[in-house]
Amino acid sequence: MVKLPNSPAIITANRYKWIAIAIILIALAALPLCIENNYIKHLLIMACIGAILGMTFSMLYSAGLITLGAAAFYAVGAYSSTILVMNAGLSFWAAIPLTLIIAAVLALGFGAVFVRNAGVAFVIITLIFVQVVVLAVAQVEFLGGWGGIIGIPRPDPIGNVNFATKTEFYYLVLAMLLLTIVVFNALYSSRIGRAWRAIKLSPNLAGTLGINPYRYRLLAFVAGSTAAALAGCFYAHYAQSITPGAFGGWLSIYVQLYAVLGGLEFYILGPAIGALVMTFVPEYLRMVKEWEPIITGILLLAVILFFPGGILGTIKGRQALSMAGLRSLFKSLKSRTKRNKNG
Amino acid sequence: MVEQQMVLLKIRNVTRVFGALIALRDVSFEVNSSEILGLIGPNGAGKSTLFNVISGFHRPDKGKIFFKDTEITGLRVDRIAAMGIGRIFQEPTLFMQETVFENVFSGFHRHYREPAWKAFLHTPAANREEAAGRKKAEEILDFMDLGAMRDELAANLPHGHQRSLAIAIALACGPELLLLDEPVTGMNPSETGVMIEKIRQIREQGITVLIVEHDMRAVMSLCDRIVVLNLGEKLVEGPPDKIKNDPGVIEAYLGKQVI
């Protein structure tokens, strides 16, 4: 196999990325061992689900699509697997692949129409779509109307593990998050990811290179929507009850903010960090009670206004500066030692 | 030469109207294989519109376009590109936030033969294909004298190098016909000289070149034949010597001291 050297910049960027991901995963895996508090475990589970959801926003963004409806297929996934388990009597593990197929087919159908426009029209369409999905679900008696569905079972046991405790469910969701990251990374690092970047950065230039923007946008829409449905599956069987309102309200706005807060240009780590922060910070603002959403909102606005690169973008900027500083210091030390040797 | 007689691109009675403006009226000409054909005319003559019609950004209102005897009228941009027509845009159009290398590497999209799912799974065959693409991208970078800047962001390059990069991306796509929209406009004389030499070398690789350019000295020294457009209509076509002395062309340029 022909192996060509990557550019130093790319190698460093990749190395940092993998080191960061490894550290975060080890820390996340060890967390339940040092945490007794069940409520914090609950927040960790919600942060993992939120991270998957946020990554679907980033996937569409990587192809130049800005969605405000990432929660729509989250709802589709939650309701599909619930119905498949509770009404069709399937096991949770059989319901997952079926749910993903249902979501992919629906995403293909709707996406074929939606992604014809990549600009403002797409933003508005997705915004309306998520609300329409919520309203439509609420009108169907079979789906429980506004009252939703309660008594959704936890995933079927595997051996001795019955996913009844928060710790067990946490590891399950963490595994799903890991799988999502691996799959998404494989997409981003392949020519598919490069085609997405190309149509995002310049659809015209991408077209003259033989890339069909429509087809690749549709692929991003289907892949992202399917992953959102996966997150929905786990949410439904974790929360054990779902209502239409849970998908149309704050959640449908927060999902997008995960990616923005974490760093828009970091398609995997950005939403992960954003979801973690956005899940925990509001909880610790609970002490100010009804002011919490307002303070959260102001904090978010401040981040977007003053740190448009998000958390990771800002850190990376600082780090680049400090790395350059270290390098020049190292160089000057080296040259001084040489001079000393020669002298 | 027999090869030179082969018609690569045929433009037949192309008309394109924007509202009340007739941007192109009944324009016909042919581009022969392996030639450098210049397309000149005063501002508003319809040169860029014609480029957009050929590369699929605009659909002609009337007329037909044939590439290698296949009709391409009204095909999608990416289909036309995949058939072997590359182009650079008049305004800098690059993947600005990517490195110079990534810009050129993106140009390989249509050469991948392994199916997308294999690329997704990073199978050995797909990886080999990518490695071959990377190697080719390096060669093109060196050919366009951009090797030293491979890790720089496209947005940070000076104007002249951005033009070179745009051509490098188009070359990565492996075109048979290359449409160059003002490749040397805004360059200093020495940069222009280098670029003219590059375009000659590109033609020597067997790539046919259709070029729109305002720098008359560059056009006259580079082109085998020239087509003159004025107000959307073809005025005249022929070798540079004929165009230089054509009274109609001189009149169209309103006595500007360009020729």
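Here is a quick tour of a two-chain model, from the chain A fold to the chain B sheet and the contact between them.

This is a predicted model, so local features need pLDDT of at least 70 and side-chain atom pairs count only at pLDDT 80 or more, while totals for chains, interfaces and linings use all residues. Residues are numbered from 1 along each chain as its sequence is written, and chains are lettered from A, with ligands numbered from 1, in the order in which they are written. Helices (DSSP H or I runs of at least four residues) and strands (E runs of at least two) are numbered from the N terminus.

**Chain A overall**

- Chain A carries 14 helices and 2 strands.
- Domain 1 of chain A covers 38-308 and domain 2 covers 312-343, with bounds from an automatic or database domain assignment.
- Taken over C-alpha atoms, the centres of those two domains sit 42 Å apart.
- Looking at chain A contacts (C-beta atoms, placed from the backbone, within 7 Å) between residues at least 6 apart in sequence, 76% join residues at least 24 apart.

- As for burial, 24 of the 27 residues of α9(A) are buried.
- From first C-alpha to last, α9(A) reaches 38 Å, close to the 39 Å expected at 1.5 Å a residue (that is, 1.5 Å times one less than the number of residues).
- Just past α9(A), Q240(A) has a positive phi of about 65°.

**The chain B sheet**

- Chain B has an open sheet of 6 strands with mixed pairing, in the order β6-β7-β8-β3-β9-β10; strands pair if DSSP finds at least two bridges between them.
- β6 (85-88) and β10 (233-238) of chain B are the edge strands, each with a single partner, so one side of each lacks a neighbour in the sheet.
- From one strand to the next, the twist averages 15° (axes are lines fitted to C-alpha atoms, for helices over the stretch in contact, and angles run from 0 to 180 degrees between N-to-C directions).
- β3 (36-40) and β8 (208-212) of chain B run parallel, paired over 4 bridges, and L39(B) faces V212(B) across them.

**Helix α7(B)**

- In α7 of chain B (159-172), 11 of the 14 residues are buried, so the rest of the structure largely encloses this helix.
- Those buried residues pack against β6, α4, α6 and β7 of chain B.
- One of them is A168(B), which touches V104(B), I140(B), L141(B), M144(B) and L146(B), leaving out residues up to four places away in sequence.
- G174(B) follows α7(B), with a positive phi near 70°.

**Where the chains meet**

- The contact draws 34 residues from chain B and 25 residues from chain A.
- On the chain B side, α6(B) provides the largest share, 7 residues.

Note on methods:
Buried ≥ 20, exposed ≤ 12 C-beta atoms within 10 Å, placed from the backbone.
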